[in-house]
Amino acid sequence: MVTGAWICLLSPLAAAGLITLAGTRITRRGAGYLATASCFVAFGGAIASFAGLLGRDGEEREVVSTAWTWLSAGSYRSGFEILVDPLSVLMMLIVSGVGGLIVAYSLGYMDRDDEERRYFAYMALFVFSMLLLVQGGNLLLLLAGWGMVGLSSYLLIGYWHERPSAIAAAKKAFVMNAIGDATMALAFFLLIKEGNSLEFGILGGEYSSTTANLIALGLLGGAVAKSAQLPLQTWLPDAMEGPTPVSALIHAATMVTAGVYLIVRTHPIFEQAPAIADLAAGLGAGTLLLAGLIALVQVDIKRVIAYSTMSQIGYMFLGVGLGAYANGMFHLITHAFFKALLFMAAGIVIHALADEQDIRRMGGLRQLMPRTYLAFFIGSLALVGIFPFAGFFSKDSILAAAMDAGAYGYILWTAGLIGTFLTGLYTFRLLYLVFGGEPSPFVREHFHAPRRDLVGISMAVPVAILAVLSVIGGWIQWAPLWHPIETWLETVAEPLVTPASWMDWTTSAIALLLGGAGWLVAWLLYSAHTYQVPRFAFAQRVLEHKFYFDELYDAVFYRPTVRIAKAFYRWIENPLIAGGTTELGDETRDLGGLVARLQTGLLRTYALAIASSVAVLAIVFVAVK
Amino acid sequence: MNGPGIAWYLAVAGFLFGTGALGVLLRRNPLIVLLSLEIMLNGANLALISFARLHGGHDGQIFALAVMAVAASEVVVGLGLIVALNRKRIPLDVDRLSSLRG
């Protein structure tokens with residue numbers, strides 16, 4: 001079982017190393033096969049660990065395997081150790097399983113790219129980093145994985161390095177994430193100070209409320225940055241500059257949900273700091289509304305899906321913030337299925353339209369690519385949470401859990417339900433604009449059907465598998481009737497809220513109604529064209545500027561920093577440092593010029609100088625004596 | 001002590017040294033300069049040996065031997081340089097050999 005977990009962790013690393021070392025000695029496609037195979041080997045290892053845990057009783061489902069002492073300073077020790085418990089196994093299965101499918105899809109999507117090998121090495125590195133994050137047996141390794149997923153995300157967003165916008169997006173993502181990394185590190189320092197350890201067990205210790213609040217706040221900062229929640233959400237839409245499979249894997253299915261995993265993993269500290277946990281839930285609710293609204297006006301197919309990702313992660317934060325850990329994790333799983341599906345279907349569309357991503361130029365693709373339409377339609381239904389697709393089961397159970405959390409819970413519940421309406425609206429707006437109606441002139445001109453060879457198959461098969469998972473994946477748990485995921489995670493994170501079954505039924509009914517209403521409105525506006533799409537100039541402008549967050553950060557952080565730097569340059573760097581050293585150099589050279597004049601090179605001058613000096617010395621000597 | 005006194009010896013030594021020094025300062029042919037240097041050294045040697053005889057010690061004589069060894073080495077190097085200069089058809093004139101660049 002532990003062997004399986006180690007294989008799971010190390011095989012993507014091995015693939016990344018091999019592809020890097022082999023260089024041009026393997027074919028481009030060979031690199032792709034290697035990366036894909038390593039992910040599926042990892043998936044096999046994850047299944048072995050899962051089976052191993054299944055064979056044990058609830059309380060014994062926690063195995064720590066230490067390879068060596070990784071770091072020791074004074075009495076502090078951290079091992080290179082992995083933790084196999086229900087939560088980490090769940091994440092391992094998602095990361096390696098969905099990751100494997102997406103890397104397989106990349107075989108087709110990235111075919112003929114100039115630097116395919118580099119891409120697959122990065123992808124394998126990412127899968128390894130993500131597995132390290134979820135398997136790390138202590139907080140320090142978790143932080144190492146945390147930083148490494150940030151690195152691989154940076155590398156992959158900026159993969160097309162000849163595009164300035166991609167480089168800017170990569171830097172933005174990295175900087176925003178670094179803020180979260182820093183707050184997390186601060187929280188860890190506090191933990192080391194309090195308990196001299198970074199084992200997960202230390203989180204359950206007794207802390208004063210200030211300490212607990214500070215630690216929880218630091219962890220929340222990391223989670224919020226990685227998961228693109230308010231107020232550090234602005235990097236995620238820009239991250240769509242990366243290749244589409246990267247968006248599917250990193251910026252939808254796995255990395256951005258790491259914040260949810262972090263909160264579940266460190267829940268004991270959040271339970272000691274209820275105010276911070278409530279803040280997490282509130283931020284989630286805020287993000288889901290904000291992102292849902294912005295998604296209504298976006299015109300880039302990938303950005304719409306990116307905003308819906310932010311919004312869905314908002315639901316997860318809402319759930320885990322209120323203590324509905326299993327529900328949040330369940331939504332993480334189903335979201336990984338249907339959001340990866342949507343991104344990959346969108347990738348097929350983008351491929352078929354010669355890399356066009358603007359939905360205003362699309363339309364009528366349903367007739368041209370019916371199977372992709374079907375996949376996208378299934379993904380949309382799952383996203384909106386229409387029965388019996390995956391999102392229905394997971395999203396509704398989060399909202400039902402909110403009903404059980406008092407008055408604050410009801411506020412969040414309302415926000416979540418409004419979000420459901422928005423989800424229906426923006427999802428089907430996207431669907432109708434891209435696939436509905438007659439093919440637009442642009443589509444007529446540029447459309448070329450998906451290929452049927454190996455490339456086409458490698459893209460179609462993962463999409464098909466995820467479509468099936470998006471249909472049946474939700475049935476794993478139906479909160480009011482059966483809840484295996486809750487039982488599975490019980491030993492790791494006992495839920496704090498237990499909604500009664502009437503709450504589940506009521507929430508589901510209302511959510512279904514609102515989601516359907518959103519769909520209906522989208523249909524009336526964008527498909528049937530019964531009504532004109534209403535225009536509110538002010539709202540439109542605010543939404544198109546994403547509530548002015550970028551502008552705000554620009555004004556508050558970027559521009560003052562630039563101004564200070566310029567002032568330093570002008571008043572300190574230039575006159576003191578640059579000017580000072582130049583002056584010093586000039587003076588030295590002048591002085592050297594003076595001395596150089598003595599060096600005539602004439603032998604007899606030197607001899608005369610020596611002779612006269614000796615004569616003077618002799619006279620002085622005699623005189624003094 | 002028989003013969004002339006120490007003052008005579010020193011006078012001869014001073015005369016030799018002065019002649020050499022003038023040669024070094026005034027002549028421009030490196031060969032003559034080297035020769036003049038030898039004369040200066042020999043003047044110094046004469047002074048050393050005179051004092052050694054005067055005081056009956058050996059230090060001065062040993063020192064004079066060392067000076068001769070150094071002078072011999074110096075002549076080897078100096079003459080070698082002069083031969084090399086001559087072969088390259090460089091004018092044998094110390095005033096025109098004022099640059100270190102080859």
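## Secondary structure and extent of chain A

Chain A contains 25 helices and 2 strands in this predicted model. Its C-alpha trace extends about 120 × 65 × 55 Å along the principal axes.

Chain A comprises 625 residues, of which 51% count as buried. Among contacts in chain A with a separation of 6 or more, 82% are between residues 24 or more positions apart.

## Domain arrangement

Two domains are listed in the domain assignment of chain A: domain 1 covers 273–536 and domain 2 covers 551–624. The C-alpha centres of domain 1 and domain 2 of chain A are 69 Å apart.

## Packing of helices 13 and 14

Helix 13 of chain A (residues 301–321) packs with helix 14 of chain A (residues 325–352) at an angle of about 175°, and their axes are 9 Å apart. Because angles over 145 degrees count as roughly antiparallel, helix 13 of chain A is therefore roughly antiparallel to helix 14 of chain A.

On the side of helix 13 of chain A, the contacting residues include A:Ile301, A:Ile305, A:Thr309, A:Gln312, A:Tyr315 and A:Met316. Those contributed by helix 14 of chain A include A:Tyr325, A:His331, A:Leu332, A:His335, A:Leu342, A:Phe343 and A:Ile350. Classified by residue type, this contact between helix 13 and helix 14 of chain A has 12 nonpolar, 7 polar and 2 charged residues.

## Confidence

The model has an ipTM of 0.80 and a pTM of 0.77. For chain B, the mean pLDDT is 88, with 95% of its residues at 70 or more. Where pLDDT is low, predicted coordinates should not be read in detail.

Conventions: Residues numbered from 1 in each chain as written. Chains lettered and ligands numbered in written order. Predicted model: local features only at pLDDT ≥ 70, side-chain atom pairs only at ≥ 80, totals over all residues. Domains from an automatic or database assignment. pLDDT = per-residue confidence, 0-100. Axes fitted to C-alpha atoms, helices over the stretch in contact; angles between N-to-C directions. Helix = DSSP H or I, 4+ residues; strand = E, 2+ residues; numbered from the N terminus. Parallel < 35°, antiparallel > 145°, perpendicular 65-115°, else oblique. Contact = placed C-beta atoms within 7 Å. Nonpolar A, V, L, I, M, F, W, Y, C, P; charged D, E, K, R; others polar. Buried ≥ 20, exposed ≤ 12 C-beta atoms within 10 Å, placed from the backbone.
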